[in-house]
Amino acid sequence: MDEAFRDGQLRTAGTEITRILPPVSRFNRESNHGDKKKRVIEALSRFFERFRGLALGDEESRD
């Protein structure tokens, strides 16, 4: 999240999200890896949008 606030955007592509998910087999039909990843991205996006203004305000005060 530090990088997301610093960069001004939440990156959802690549391995950033999968590194925080618990290890599961992507080939097991019952693991629901895609659904879990989607829920985590949605939760992180809500958190980022909620607190993004605070991070921007903090950077403005440093200038």
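Predicted model: local features only at pLDDT ≥ 70, side-chain atom pairs only at ≥ 80, totals over all residues.
pLDDT is the predictor's confidence in each residue, from 0 to 100.

**Entry: confidence.** I count residues from 1 along each chain as its sequence is written, and side-chain values use heavy atoms, with hydrogens and water left out. The chain has a mean pLDDT of 79, and 84% of its residues reach 70 or more. Next I looked up the helices (DSSP runs of H or I, at least four residues, numbered from the N terminus). Helix α2 (residues 16–20) has the highest confidence, at a mean of 82, while helix α3 (residues 33–62) has the lowest, at 78.

**Entry: salt bridges.** How many salt bridges does the structure hold? I found three, each a side-chain nitrogen of Lys or Arg within 4 Å of a carboxyl oxygen of Asp or Glu.

**Entry: helix α3.** Here R52 pairs with E49, with 3.4 Å between the closest N and O atoms. The two sit three residues apart in helix α3, so about one helical turn separates them. I noted R52 as partly exposed at 32% relative accessible area, and E49 likewise at 47% (buried is under 20%, exposed over 50%, partly exposed in between, with a 1.4 Å probe and protein chains only).

Entry: Shared partners join R6, D7 and R11 into one salt-bridge network. R6 meets D7 at 3.3 Å, and D7 meets R11 at 3.7 Å, N to O. R6 is exposed at 56%, whereas D7 is partly exposed at 35% and R11 is partly exposed at 45%.
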